[in-house]
Amino acid sequence: MPVTINQDEINSIVWKACDTFRGTIDPSEYKNYILVMLFLKYISDVWQEHYDDLRARYADDERRIRRQLQYERFVLPEGADYYTLYDERNESNLGERINIALEKIEDANKAKLEGVFRNIDFNSEAALGRTKQRNERLKHLLEDFHDPRLNLRPSRIGSQDVIGNAYEYLIGKFASDAGKKAGEFYTPPEVSLLLAELLDPQPGERICDPACGSGSLLIKCAQQITALPGSGQNQNGSTEISGPLPGRLRADNYAAYGQEANGATWALCMMNLFLHNINVTIDNIKWTDTLKDPRLLEGDNLMRYHVVVANPPFSLDKWGAEDAAKDRFGRFHRGVPPKSKADYAFLSHMVETTFLDPTQNGRVGVVVPHGVLFRGGAEGKIRRQFIEENLLDAVIGLPENLFYGTGIPAAILLFKRNKRDDSVLFIDASREYEPGTNQNRLREKDRLTIGDAYRRRGFVDKYAYCATRDEIAENDYNLNIPRYVDTFEAEEPVDMAGVNREIGGLRAQLGELEGQMQGYLRELGLA
């Protein structure tokens with residue numbers, strides 16, 4: 001009888017492994033050690049099962065087995081697997097041995113993993129302590145992952161996305177512990193799912209996140225496509241990602257791209273995509289600053305996409321405004337945003353990387369702080385141009401305290417090429433959420449309500465309003481949602497006559513009580 005995999009049990013095992021580091025290393029740092037070890041354990045289990053299958057097929061012919069294994073989704077060099085490291089857990093140079101194993105894995109999988117482990121050092125004295133303490137911690141880490149319930153072989157987990165779910169679970173838990181730093185790598189899954197539903201990516205489309213963090217938005221967009229009837233998956237359930245040339249896109253497929261400025265977060269994204277069976281390469285996901293050094297190119301031009309989605313850092317300072325006017329791609333032709341706020345720099349980049357061809361249906365979805373809706377100066381001019389060019393499609397106000405690292409409410413801006421009319425839909429979803437102790441959460445019904453209002457584009461009392469360009473111009477291109485969606489709740493009329501009667505009755509009662517009090521005082525000889 002097959003063993004039933006319990007997702008909660010898997011999650012609790014890998015979360016318990018964090019006890020090795022708690023109290024000694026900041027969660028934003030030790031997450032890298034935990035997530036790399038989970039990645040290594042998974043690819044080791046998959047490799048070992050495939051090796052065992054080939055060994056049975058080829059009667060222990062090691063040469064044929066090794067040759068066949070070169071065609072696997074990844075290559076695991078001999079001696080670089082988790083189980084070898086577990087057997088070496090008592091060695092005095094354990095951190096160095098782990099580093100060497102990871103380096104070998106990178107070298108054997110350059111197209112997919114080159115550079116992924118370069119930002120993490122298992123032999124770091126500064127991070128993990130002196131030799132004895134470091135070895136002890138790493139030994140405990142290896143032993144925690146040796147729990148027999150953490151057997152991640154494909155024959156045991158079947159088609160369940162146990163590993164991807166565990167990885168997302170850990171990232172969410174680390175975000176909860178990391179405070180403000182969490183915003184660098186984490187978008188709440190409900191927000192990612194909402195954006196994917198609103199943008200509705202289709203088979204055959206290119207998708208890009210220019211500030212991809214840990215990759216959650218790309219994953220949700222990919223899952224949105226693979227959930228569609230007739231979408232293409234290969235025999236092992238993974239979706240193949242084609243290369244950068246449009247001619248390589250099949251009708252039942254898609255291509256995912258991204259950029260991330262933080263090296264450790266970029267590595268996290270690569271592993272996260274891999275564990276969700278999204279086969280990108282280092283040519284698809286670039287470790288680079290999108291605003292200062294965009295590297296997703298076709299020839300000398302920016303690559304263009306059907307869907308561009310992002311949750312970029314809010315109001316990023318020192319983003320490169322001093323060089324923006326002479327940007328060789330002309331991304332900031334509508335104006336240069338303020339040097340202390342990169343919000344409109346990201347918006348400009350994202351809009352400029354969508355397909356211009358009407359048949360390609362280019363669209364953008366981005367999370368922004370509310371200041372983007374009404375701030376003046378250079379931002380106001382760029383906002384006006386977006387509207388006059390008929391690019392802005394919708395403004396959706398979200399509840400407060402959804403995102404780690406900031407309690408302020410955010411909004412979603414949706415842009416679309418080749419719109420059918422000049423209207424902009426405004427949705428006030430700020431009051432629809434499930435309250436939490438630390439973070440609020442969008443419920444499924446909240447997402448469905450937003451999606452339904454977006455598709456219908458009609459008036460919903462105190463919730464949605466479709467404004468024409470002329471109406472927005474009358475508001476001086478201010479997109480503050482209360483200007484369009486009236487959420488005012490009138491107070492119940494006061495019955496003044498009834499209030500007077502109530503006051504009279506209270507006065508009578510007070511008189512009676514005062515009389516009783518005087519009687520008591522006389523009895524006591526106090527009056």
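The structure is a predicted model, in which local features need pLDDT of at least 70, side-chain atom pairs count only at pLDDT 80 or more, and totals for chains, interfaces and linings use all residues. Residues are numbered from 1 along each chain as its sequence is written, and side-chain values use heavy atoms, with hydrogens and water left out.

I begin with the sheet. Nine strands form an open sheet with mixed pairing, in the order E3-E2-E1-E6-E7-E9-E8-E10-E11. At its edges are strand E3 (285-287) and strand E11 (464-467), each of which pairs on one side only. From one strand to the next, the twist averages 15°. Strands, like helices, are DSSP runs numbered from the N terminus (helices are H or I, at least four residues; strands are E, at least two). Two strands pair if DSSP finds at least two bridges between them.

Consider next strand E2, residues 255-260. Six of its six residues are buried, so E2 is largely enclosed by the rest of the structure. Buried here means under 20% relative accessible area, exposed over 50%, and partly exposed in between (1.4 Å probe, protein chains only). On one side of E2 lie Ala255, Tyr257 and Gln259, and on the other Ala256, Gly258 and Glu260, all of them buried. Strand E1 (residues 206-209) runs parallel to E2 and is joined to E2 by four bridges; Asp209 has Gly258 as its bridge partner. E2 and E3 also run parallel, joined by three bridges, and Glu260 stands opposite Trp287 in E3.

Elsewhere in the sheet, strand E6 (residues 307-310) and strand E7 (residues 363-369) pair in the parallel sense over four bridges. Val307 has Arg363 of E7 as its bridge partner.

I turn now to a helix. Nine of the 11 residues of helix H12 (residues 216-226) are buried, so H12 is largely enclosed by the rest of the structure. Among the buried residues of H12 are Lys220, Cys221 and Gln224.

Finally, the surface. Which residues make the nonpolar surface patch of about 340 Å²? They are Val494, Met496, Val499 and Ile503. Patches are made of residues with over 30% relative accessible area and no salt bridge, with like charges joined within 9 Å and nonpolar side chains (Val, Leu, Ile, Met, Phe, Trp, Tyr) within 5 Å. A salt bridge is a side-chain nitrogen of Lys or Arg within 4 Å of a carboxyl oxygen of Asp or Glu. Accessible areas come from the Shrake-Rupley method with a 1.4 Å probe; for residues, only the protein chains shown count as cover. Val494 lies in the loop between helix H18 (469-474) and helix H19 (496-523), and Val494 is exposed, with a relative accessible area of 59%.

Key. Axes are lines fitted to C-alpha atoms, for helices over the stretch in contact, and angles run from 0 to 180 degrees between N-to-C directions.
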